Amino acid sequence: MSTLAAPTSSSTSVRGDVPAVEVRNLTKVFRRRDRKAGRFARRRLPALQNVSFTIERGECVAILGQNGSGKSTLVRLLSTLLLEDGGEARVFGHDVFSEARTIRRLVNRVSVEASFFKKMSAQENLSYAARFYGMPPSVTRTAIPAILEKVGFPPDRRTESMQNLSRGMQQKVALARALLTSPVLLLLDEPTTGLDPRSKLEVQEFIRDVRRTHDATILLCTHDMAEAEALADRIGLLDRGELLFLEPVDDVRRRYGVQTLEQAFFAATGREFEEEHADDELREVYG
Amino acid sequence: MTAIGATMRSELIGLGGIVERNVYLTKRYFLWDVAFMIWTIANTLTIVFIARAVHVSAAAENTLATKLLVGAVIWAFLGIIFEFMTETVAWERWEGTIEYTFMAPISRVMHLGGQGAFAVLYGLIRATILFFAVVAFIGIHIPNANFGAAFALLAIASLSFIGIGMMTSVLPLISPEKGAQLGFVAQGLMLVVSGVYYPVSVMPHWMQLISKLSPATYALRGDRASIVSGTGLVWADVWPLLIIAAFATPIGLAIFHRGEQHAKRKGKLKRSG
C-alpha cells in the first residue's frame with residue numbers, strides 16, 4: 001500500500017460493491033465550423049458515440065485509438081472537465097456529472113503535455129497543487145520529496161524551474177503530481193507520447209510499480225499498441241468515437257484471427273492504424 | 001473533526017494553495033514587477049503633474065495633486081485586482097495548468113476567493129509604494145492624511161471589487177482569444193463613471209445615477225476625504241460598499257458557474273495551443 005497520505009474524504013467515497021468505472025452509452029458531440037457549407041455553418045462531430053464499458057477495481061485498461069478517435073474526450077469526461085451530451089458515467093458508484101466534487105477527490109490524471117507553471121520548480125508546482133486536495137504543508141513537506149524520489153527525480157533538481165527540465169523529467173513530475181493525491185482512479189492520456197525511449201521505459205516501469213504498490217485503477221489512453229499490450233489487462237479500441245471492443249489481448253487476437261493489434265485494427269475498421277482522413281483531423285479537438 | 005469541519009479545513013488549505021502559487025510566481029517574476037512598478041509610477045506622474053499646470057494657489061494646487069494621485073492609485077489598485085481575477089483563467093490556459101486546477105476538488109468560491117485575496121494584498125502593497133513614491137517625487141504635502149481610514153475603506157471596497165472581478169474572470173472562459181482584454185474594458189467603464197479624476201457632479205445626470213452602483217465611487221470619495229482632510233471611516237461610504245459586495249460576490253460566482261458550464265459543454269476548458 002502507498003505510504004503517502006490520502007485525501008481526507010476519499011476513503012469514505014470509495015464503495016467496494018461497485019465497479020471502479022461504469023460508462024453507459026456515453027455520447028459527446030462537438031460543433032465545428034464548416035466553411036464548405038457556408039460562412040456561419042456548423043457541423044456536428046461526434047467525439048464519442050454510445051460508448052459503454054466497465055472497469056473493475058484494481059484493473060488496468062488501455063484504450064487504443066488514432067488521433068481524433070475520442071480518447072482524450074473520454075478522459076476529460078471522466079475528469080469532470082466536460083459535460084456529456086448523452087449517457088452516463090460513474091466512478092465507484094458516483095455520477096461523474098452530478099457529483100463532480102466527490103469524483104475530483106477520487107481521480108487524477110497525467111496527460112500528454114506535462115502542464116506546469118514553467119517558471120516554478122517541481123517542488124513548488126507539486127506543493128500548491130497538493131493544497132487543492134486539502135494537503136497541508138505539514139504533509140507535503142515529507143510527501144513531495146518521497147514521491148519525487150519514487151519517480152526517480154533527482155533531489156538536487158527539485159528547486160529548478162520546470163522550463164529547464166527535459167520532457168521526460170517533466171513527465172515524471174506529472175506522474176508524481178497525480179500520485180501525490182493518492183487517486184483511486186488514475187487516468188493516463190498518452191503519458192509517454194513524445195518521450196525518448198529511455199524516459200518512455202522509465203515511465204512505463206513506474207506505471208507497473210503503481211499497479212503493484214497502490215490501490216489504483218488505471219485507464220490508459222494511448223496510440224502506442226506495444227505500450228497498451230505491455231501494461232494493460234484488457235485493451236479497447238476506440239475508432240471515430242465508437243468503442244469497437246474491450247477485452248484481453250488474447251481474446252482480441254482470437255476474435256479476429258490475427259497475431260498483432262495492428263492487424264486487429266485493420267480487421268475491425270478496414271483501415272491501417274496510421275491511415276488518417278481529413279475528418280479525423282477535424283475531430284481532433286484535443287491535440 | 002466533523003465532516004463540515006474537515007471540508008472547511010480542506011477548502012481553506014486550497015485557498016492557501018492559490019495564494020501560495022501566486023507568491024511563488026511573484027517571486028519568480030520580481031524584476032518584471034519592478035519594471036511594471038516603474039511604468040505605473042511614470043504613468044501616475046503624467047496625471048499628477050497636471051495639477052502643476054493649473055494656475056491656482058499653492059494650497060489648491062496641492063489639494064488637486066492629492067486628489068489626482070488618489071484617483072491614479074485607485075485606478076492602479078483596481079487594475080491589479082481585475083488583472084489577477086481575469087487572469088485566473090487566461091494565465092492557467094497559457095501555462096497549460098487550467099485542466100488540473102478545474103478538476104481539483106477545490107470549490108470555485110475558494111479558488112476565486114484565493115485569487116482575490118492575493119490580488120488585494122499585492123495591490124495594497126503596490127498602491128502604497130506608488131502613493132509614497134509620487135508624493136515624494138512631486139513634493140505633495142498631506143499633513144492631515146488619515147491612512148488608517150483610507151486603507152480600511154480600500155479593504156472594504158475590495159470585497160466588491162473581487163465580486164465584480166469574478167464576473168469579468170469568466171470572459172476568458174467564453175472567449176479564450178479576447179476575453180482577458182474585455183476585463184480591462186470593464187475596469188475603464190467602472191472608473192469613468194466613478195469620478196476617477198473629477199467629481200461625479202461634473203458628469204451627465206444619467207452617468208451620476210450609474211455611479212451610485214459603482215463601488216469605486218465610494219472608495220474614491222472616502223479615500224480622497226481621508227487623505228486630503230483626514231476624515232475617518234464614514235458610514236455613508238461604507239454601507240453602500242457592503243451592500244454592493246453582498247450582491248456582487250454571489251452574482252459573480254453565479255456568472256462564473258454559468259461560464260464554466262458553457263466551457264465544459266463546448267470543450268473550451270483546455271490549454272492554449
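## Close-up views of a predicted two-chain model

**View 1. The open sheet of chain A.** In this predicted model, six strands of chain A form an open sheet with mixed pairing, in the order 6-7-8-3-9-10; strands (E, at least two residues) and helices (H or I, at least four) are DSSP runs numbered from the N terminus, and two strands pair if DSSP finds at least two bridges between them. Strand 6 (107–110) and strand 10 (242–247) of chain A stand at the edges with a single partner strand each, so one side of each has no neighbour in the sheet. Neighbouring strands of this sheet are turned by 15° against each other on average, direction ignored, where axes are lines fitted to C-alpha atoms, for helices over the stretch in contact, and angles run from 0 to 180 degrees between N-to-C directions. Residues are numbered from 1 along each chain as its sequence is written, and chains are lettered from A and ligands numbered from 1 in the order in which they are written. Local features need pLDDT of at least 70 and side-chain atom pairs count only at pLDDT 80 or more, whereas totals for chains, interfaces and linings use all residues.

**View 2. Strands 3 and 9 of chain A with helix 10.** Strand 3 (residues 60–64) and strand 9 (residues 234–239) of chain A pair in the parallel sense over four bridges, and I63(A) stands opposite G236(A) of strand 9. Helix 10 (residues 261–269) of chain A lies across strand 3, strand 9 and strand 10 of chain A, and runs at about 45° to strand 9.

**View 3. The side of chain A that touches chain B.** Here 30 residues of chain A are in contact with 30 residues of chain B, a contact requiring that the C-beta atoms of two residues, placed from the backbone, lie within 7 Å. Helix 3 (100–106) and helix 4 (122–131) of chain A are the elements that give two or more residues to this side, and the largest share, five residues, comes from helix 4 of chain A.

View 4. Where pLDDT is low, the predicted coordinates should not be read in detail.
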